[in-house]
Amino acid sequence: MTAFRSLSTAMIKGFLRDKMTLFFVFLFPLMFLVVFGLLLGDSGSDKTKIAAVGDGPVLTTLEQTGAIELEKYDDTAAARRKVDDGDLPAAVVVDGDRVELIYAASDQVAAGTVLGIVSGVVDKINLGAADVAPRFTLETKSVEDASLKPIQYLTPGILSWAISFSGVFGSALTMVAWRKKQVLRRIRLAPVSTTTVLTSRVVVSVGTAIVQGVVFVAVALLPVFGLKLTGQWYLALPLLVLGTTAFFAIGMLVGAFCKTEESASGAANVIIMPMAFLSGTFFPVENAPAWLQAVSNVFPLRHMNDGMLDVLVRGKGVEALLVPSAVLVAFTLVVGFIAARIFRWED
């Protein structure tokens, strides 16, 4: 127990003294959260801005829809120029009872949206002016759907990626450095079991992952980002632990193969970066082709992402941990076994 405590303390002190490691473990992934959170923070809530000339009930009603923002101009030529230059998708010109809509043919999505809204407003005003009872009535209901704001999606994904990043790089580079500096040889000859050394390193990695989780969630909860946790957010803790051990095992496998820190860093990048994009860390993988979604199911990061998303922001319970936990445990056992079989104490 004394040897375990001493080793863990020494590893923690070495970790805290390494400023480059602190940067890549905490600040580097946190930069992605801040940048994506700020860039995508208002996505889905922006109004469509169009040019407007004139006044009257049509323009007033368009503004009241909440989907259109009008940019007023004094004459038709100035409004038309905005559309021609591609600055605005459309322009509405009201001259008495005449309403003209000018739209850019290059953006069919925006044009269709504006055309539908303007047509609906004009038809509604015409119907009211004719004093005719409508034949059909439209009932609308607002429901809470399962869609997520960008920060709700980004926080679990980038946190999982940060755990995988620190787990693989931490164990791989540590293994290679210890082998080059003959630390592993001295440990082998010392009266300390291999299990004690490995356990102390894993404990330090798990502790680092928990601190990462606290920092990430604390930043995302700031009003500028607006993350909202569910009542069972604490269920993310088992995933943090299991994810750390799974990626630690992958790092051990990389460290067993590589002889230099440069080759270990390159191999870790080859594993982590494609996995991050194919596992839905930054963008929903559901939008990818079916075959690519099938490939992503092979990666442990995909299942960790799904589990973190379910328990942190979707409000799911323990049942959401079953598949991700099983996959992460399986990866830990299989990859850890392979790493142990090819492990080398010295070059």
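This is a predicted model: local features need pLDDT of at least 70, side-chain atom pairs count only at pLDDT 80 or more; totals for chains, interfaces and linings use all residues.

A: Two residues are in contact here when heavy atoms of theirs lie within 4.5 Å of each other. By that criterion His303, leaving out residues up to four places away in sequence, touches Asn297, Val323, Pro324 and Val327. His303 sits in helix 12, which spans residues 300–312, and its relative accessible area of 12% makes it buried.

Once neighbours within four places in sequence are set aside, the contacts of Ile50 are Ile68, Glu69, Leu70, Glu71, Leu88, Pro89, Ala90, Val92 and Val114. Ile50 and Ser265, by contrast, are 215 residues apart in sequence, and their C-alpha atoms are 50 Å apart in space.

The protein chain has 13 helices and 4 strands. Its radius of gyration is 28 Å, well over the 20 Å that the globule rule gives for 347 residues, so the chain is more spread out than a compact globule. Along the principal axes, its C-alpha atoms fill a box of roughly 95 × 40 × 40 Å. Of the 347 residues, 40% count as buried, and the chain exposes about 19300 Å², of which carbon and sulfur atoms supply 62%. When contacts between residues at least 6 apart in sequence are considered, 72% of them join residues at least 24 apart. As for charge, the mean positions of the 29 positive and the 29 negative charges lie 20 Å apart.

Against that background comes the part you asked about. The whole structure contains 10 aromatic pairs. One of them is formed by Phe32 and Trp161, whose rings are 5.0 Å apart centre to centre with 75 degrees between the planes, an edge-to-face arrangement. Because Phe32 belongs to helix 2 (residues 19–39) and Trp161 to helix 6 (residues 150–180), this pair ties together parts that are 129 residues apart in sequence. The two partners can also be set side by side by accessibility: Phe32, at 25% relative accessibility, counts as partly exposed, whereas Trp161, at 0%, is buried.

Phe32 also pairs with Phe282: here the ring centres are 5.7 Å apart and the planes stand at 35 degrees, so the pair is classed as tilted. Since Phe282 lies in the loop between helix 10 (261–278) and helix 11 (290–296), while Phe32 lies in helix 2, this second pair ties together parts that are 250 residues apart in sequence. Phe282 itself is buried, with a relative accessible area of 4%.

Within it, Phe32 takes part in the edge-to-face pair with Trp161 and in the tilted pair with Phe282.

Notes:
Residues are numbered from 1 along each chain as its sequence is written. Side-chain values use heavy atoms; hydrogens and water are left out. Helices (H or I, at least four residues) and strands (E, at least two) are DSSP runs, numbered from the N terminus. The radius of gyration is taken over C-alpha atoms; the globule rule is 2.2 Å times the number of residues to the power 0.38. Buried means under 20% relative accessible area, exposed over 50%, partly exposed in between (1.4 Å probe, protein chains only). Accessible areas come from the Shrake-Rupley method with a 1.4 Å probe; for residues, only the protein chains shown count as cover. Lys and Arg count as positive and Asp and Glu as negative; His and the chain ends are not counted. The place of a charge is taken as NZ of Lys, CZ of Arg, CG of Asp or CD of Glu. Rings of Phe, Tyr and Trp (its six-membered ring) pair if their centres lie within 6.5 Å; planes under 30 degrees apart count as stacked, over 60 as edge-to-face and the rest as tilted.
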